[in-house]
Amino acid sequence: MNEFESKQAEWDLTASASADFKAQVGRPFDDNAWQALSCDVLDKLVVNDENGLSILDVGCGNGLLLSKLSSHFEQLTGVDYSKTMIEKANELLPSALFYQSQAKQLNFKDAGFDRVLSYSIFHYFPSYEYAIETILEMIRVTKRGGVILLGDLLDDHYEKAIKSNSDLEYEKTIPLIHRYSQWRFFNFEKLLADLAPHVDRIEVLSQPEVFPLSDYRKDIRLWV
Ligand SMILES: C[S@@+](CC[C@H](N)C(=O)[O-])C[C@H]1O[C@@H](n2cnc3c(N)ncnc32)[C@H](O)[C@@H]1O
């Protein structure tokens, strides 16, 4: 099993290790914090009272975040490479469509979704190139005039500090997906320069200060 497959297997395990949907996606916060997160995501996705909107969530996990956004959308679709996460998502939101798929291969027609979201998955990607391929796929499946939100990307200004504080001996005892040394951080200037030719507009957005890790995590919004 290579590292990519090992991480995928670890997500399967994470999804089946607890009956608590919040813990399964690594966010065991109270309802107020989940409410704040979903409000922030809806705001950044520019979801007003428009009817009939469709959304695709890439790396949707067990669908919990999508379920919090669900009343604002008519059509909900999610993909995740973990089979167990997808089973949980089907259990939680039977009216939505969920598919097992890796992020960089989206099996959907061009320009099919009004909004495309991907939250808290980019730091698990195997390379910068993989992230770019995924974002180009997300752009391809978004309708013209639509909005994409890449949520919770790690800012590389903090990479050295975070990685040098991690105990590598301890890391050997925990899953790959929880090891700071494995996490991918992003140079936002480079990312924006690489993506700008493919979209109308691109912005880096801060997270509310009350979010626990907002100092080194940012969101990126693309206008297609
Ligand atoms: C921390 S969870 C976040 C789930 C959800 N987006 C949320 O914010 O609640 C990360 C999810 O990303 C998925 N994931 C990681 N790498 C992926 C990839 N390359 N392709 C598809 N899914 C991936 C994992 O299986 C896991 O369900």
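This is a predicted model: local features need pLDDT of at least 70, side-chain atom pairs count only at pLDDT 80 or more; totals for chains, interfaces and linings use all residues.
View A. Helix α1, made up of 15 residues (3–17), reaches 20 Å from its first C-alpha to its last, which is close to the 21 Å expected at 1.5 Å a residue. Within this helix, Gln8, Trp11, Thr14 and Ala15 are buried, and because these buried residues fall within an arc of 115 degrees when seen down the axis of α1, they line one face of the helix. On the other side of α1, the exposed residues are Glu3, Glu5, Ser6, Leu13 and Ala17. The partners against which the buried residues of α1 pack are α2 (21–24) and α5 (83–92).

**View B. Helix α3 and the residue valine 46.** Helix α3 runs over residues 31–44, and its 14 residues reach 20 Å from the first C-alpha to the last, close to the 20 Å expected at 1.5 Å a residue. Just after α3, valine 46 takes a positive phi of about 55 degrees.

**View C. The shell around the ligand.** The ligand is surrounded by 19 residues, of which the closest are Trp11, Gly59, Gly61, Tyr81 and Ala103.

**View D. Histidine 198 in its loop.** Histidine 198 is found in the loop between α9 (188–195) and β6 (201–206), where this histidine is partly exposed, with 14 other C-beta atoms within 10 Å. Leaving aside residues up to four places away in sequence, histidine 198 touches Leu136 and Ile139. Serine 166 lies 32 residues from histidine 198 along the chain, and the C-alpha atoms of the two are separated by 37 Å.

Terms used. Residues are numbered from 1 along each chain as its sequence is written. Helices (H or I, at least four residues) and strands (E, at least two) are DSSP runs, numbered from the N terminus. The expected span of a helix is 1.5 Å times one less than its number of residues. A residue is near a molecule or strand if its C-beta atom, placed from the backbone, lies within 6 Å of it. A residue is buried if 20 or more other C-beta atoms lie within 10 Å of its own, exposed if 12 or fewer, and partly exposed in between; C-beta atoms are placed from the backbone. The arc is that of the directions from the helix axis to the C-beta atoms. Two residues are in contact if their C-beta atoms, placed from the backbone, lie within 7 Å.
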